[in-house]
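Here's a quick tour of one model, meant to be read with the viewer open.

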Amino acid sequence: MTLQIKNFKQYQKEYARSVKNPEQFWHDQALSFYWRKPWKKVVEWDFKGPDVKWFIGGKLNITENCLDRHLAERGDKVALLWEPNEADGKTKSYTYRQLHAEVCKTANALKANGIGKGDRVIFYMPMVPELAIGVLACARIGAVHSVVFAGFSAQALADRVNDATAKMIICSDFNKRGKKNIPVKKVVDDAMAMGCPSVETVLCHQNTGQEVDWNPEIDKWWHEELKGRRTSCKPTIMDSEDMLFILYTSGSTGKPKGVVHTCGGYMVYTCYSFRNVFQYQEDDIYWCTADIGWITGHSYIVYGPLLAGATTVMFEGVPTYPDAGRFWEICDKLKVNQFYTAPTAIRALMARGDEYVEKYDLSTLKVLGTVGEPINAEAWHWYDEKVGKGRCPIVDTWWQTETGGIMITPIPNVTETPPTFATLPLPGIQPCLVDKDGNEIAGNDVEGLLCIKFPWPSMIRTTYGDHERCRNVYFSAFENKYFTGDGARRNKDGMYRIIGRVDDVINVSGHRIGTAEVENAINEHDNVVESAVVGYPHDIKGQGIYAYIITNENVTDEEAFRKEVLQVVTREIGPIAKPDMIQVVPGLPKTRSGKIMRRILRKIAEGDVSKLGDVSTLLNPEVVEQIKIGALVELKE
């Protein structure tokens, strides 16, 4: 198994070794896995391209490492525990042997439907075991999976299907989420109606059994396709640098970016980071509450835990259904040892009151984690005292879809855990702070732009179908550095605190949403001339979305207009991107070259109108005062 760090002295030693000789360090970690053919060279890299390769010439199949290699020793150990939406529902469990059989059956069904190595398969599913099984089945036969969060709209789904030129969509009939039954197949039908010419088959899992529209030419039932399939499937042997999955993430331009991850490096890094960040022990029960539609679900529900031979929990529902004690009830019931969730969820549950936590036995918890955004001090202390009872280290993890795995984080019982700090990089990760000109900022007690100056195995290789975009977004800002898009502070002890995005991306409940994407959606409304979207502090979500809108005609019914705008955004992107505040404005502050001054709009949205700076150079300085007056009314309401 990959090395597990047990004390700070060992961390310092391993970190120094990983920086001094990265090739040897990662060579040693990769030896833990089953390779069909060993690599000839550990790494080759050039950030100008970018062109990064790890474990060059190595051949493997990641599912052999997630499943087959555990069968002899852990065949009867529970690999996956699934907790349904309903609190009185039955927990489902799959041993490693059972999961292996289900993955092989599904892989054989995919092959029978013409899916092979390199074909792209889009998943649009709720958090049911079949989603994890389907993802692994793709990896088994060398197909490229791309999971789209099942809250995105038909338009957003169609955009991703077409960008990936997917051959198949796998969905369910309905998605149970709290009190709602969400018509997932209907969204897929709507996306298909918009035009998805590459799709040959829609495979539908019968989740609720409710009636759905059916096109016998392309629609097939999951259970019928799996009937009689063999429980063994020869794995397709992949090159270390073959594509494993595409995951779409919002950028500062409207079109989502398909982040590409490859087989070998992603495997090595997700297992290494999982074992160290959560200090997983053989009989532990580990639970990450994320959705597999996001990178956290890929790396720390599916791949990382299964590569490490862990028992991983998957939850279908929401934290507040049937009440705000649902997370803690599951922790008590399943005897969870490591618990990993988002600050948004913690803040929402904290607001509901302590009584929902206090009635459950949380004595089995050993490690608490947070992901998606920096956690604020108040939520950190509540999590520490009420959930961890002051005895569970909190790992405030910083990483991104593009990094593939956790990068900067405390290690439980190894690193100090000051509230609001992601603390120190994992071995193998070389962060640095630079100024706006790219000069590295030395020493401690400093602030700058967060970059990484040496490659790591699970890093982004390209943006699907548009390598130039990958170079422009991540590698063009500063020479020989990966630019994260985040600002950060390094304190006197060398610990990192993430300040937040410096580009036009808003972090809403831990999910990155591009302002351009939301603006494009709002502008679809017939009465909208132009819009500008910014983030502002939000008590529960961390950041909310504030939309300034110029209309064609006067708005007489503001409430009706607001509802219409929200409907348009929901239709174009999904409910996750709905603005929290909408202000109709006479104009937008622009430079003489026509650029919208979002800095000013951000300050107004934050209620900080005393330091707007010099506005006299704007094309239309008088509009700022009008927006300010309107914003004060909005914010009061």
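Which residues point one way from strand β19 (residues 367–370), and which the other way? Val367 and Gly369 go one way, while Leu368 and Thr370 go the other, and all are buried. Buried here means under 20% relative accessible area, with exposed set at over 50% and partly exposed in between, using a 1.4 Å probe and protein chains only.

## Ground rules

This is a predicted model, where local features need pLDDT of at least 70 and side-chain atom pairs count only at pLDDT 80 or more, though totals for chains, interfaces and linings use all residues. Residues are numbered from 1 along each chain as its sequence is written, and side-chain values use heavy atoms, leaving out hydrogens and water.

Helices (H or I, at least four residues) and strands (E, at least two) are DSSP runs numbered from the N terminus. Two strands pair if DSSP finds at least two bridges between them.

## The sheet around β19

β19 sits in an open sheet of 7 strands with mixed pairing, in the order β5-β4-β17-β16-β18-β19-β20. At the edges are β5 (92–95) and β20 (394–396), each pairing on one side only. Neighbouring strands in this sheet are turned by 20° against each other on average, direction ignored.

Now walk along part of that order. Strand β16 (residues 285–288) runs parallel to β18 (residues 338–341), joined by 3 bridges; Cys288 has Tyr340 of β18 as its bridge partner. β18 and β19 are parallel too, with 4 bridges, and Gln338 is partnered with Val367 in β19.

Axes are lines fitted to C-alpha atoms, for helices over the stretch in contact, and angles run from 0 to 180 degrees between N-to-C directions. The axes of α13 (residues 343–352) and α15 (residues 377–387) come within 10 Å and cross at roughly 70°. The two are therefore roughly perpendicular, a label that covers 65 to 115 degrees (under 35 is roughly parallel, over 145 roughly antiparallel, and the rest oblique). Ile346, Arg347, Leu349 and Met350 in α13 meet Glu378, Ala379, Trp382 and Tyr383 in α15, where contact means heavy atoms within 4.5 Å. By class, that contact has 6 nonpolar, no polar and 2 charged residues. For the classes, Ala, Val, Leu, Ile, Met, Phe, Trp, Tyr, Cys and Pro count as nonpolar, Asp, Glu, Lys and Arg as charged, and the others, Gly among them, as polar.

The axes of α2 (residues 22–30) and α10 (residues 263–277) also come within 10 Å, crossing at roughly 85°. Phe25, Trp26, Gln29 and Ala30 of α2 make the contact with Val268, Tyr269 and Tyr272 of α10. This one has 6 nonpolar, 1 polar and no charged residues.

## An enclosed helix

Helix α12 (residues 326–334) has 8 of its 9 residues buried, so it is largely enclosed by the rest of the structure. Among the buried ones are Phe327, Trp328 and Ile330, along with the charged-class Arg326, Glu329 and Asp332.

## Nonpolar cores

The largest nonpolar core has 116 residues, and Phe278 and Tyr303 have the most contacts inside it. Such a core is a set of buried Ala, Val, Leu, Ile, Met, Phe, Trp, Tyr and Cys residues joined through side-chain atoms within 4.5 Å. Apart from it lies another core of 50 residues, including Trp221, Ile513, Ala521 and Ile582.
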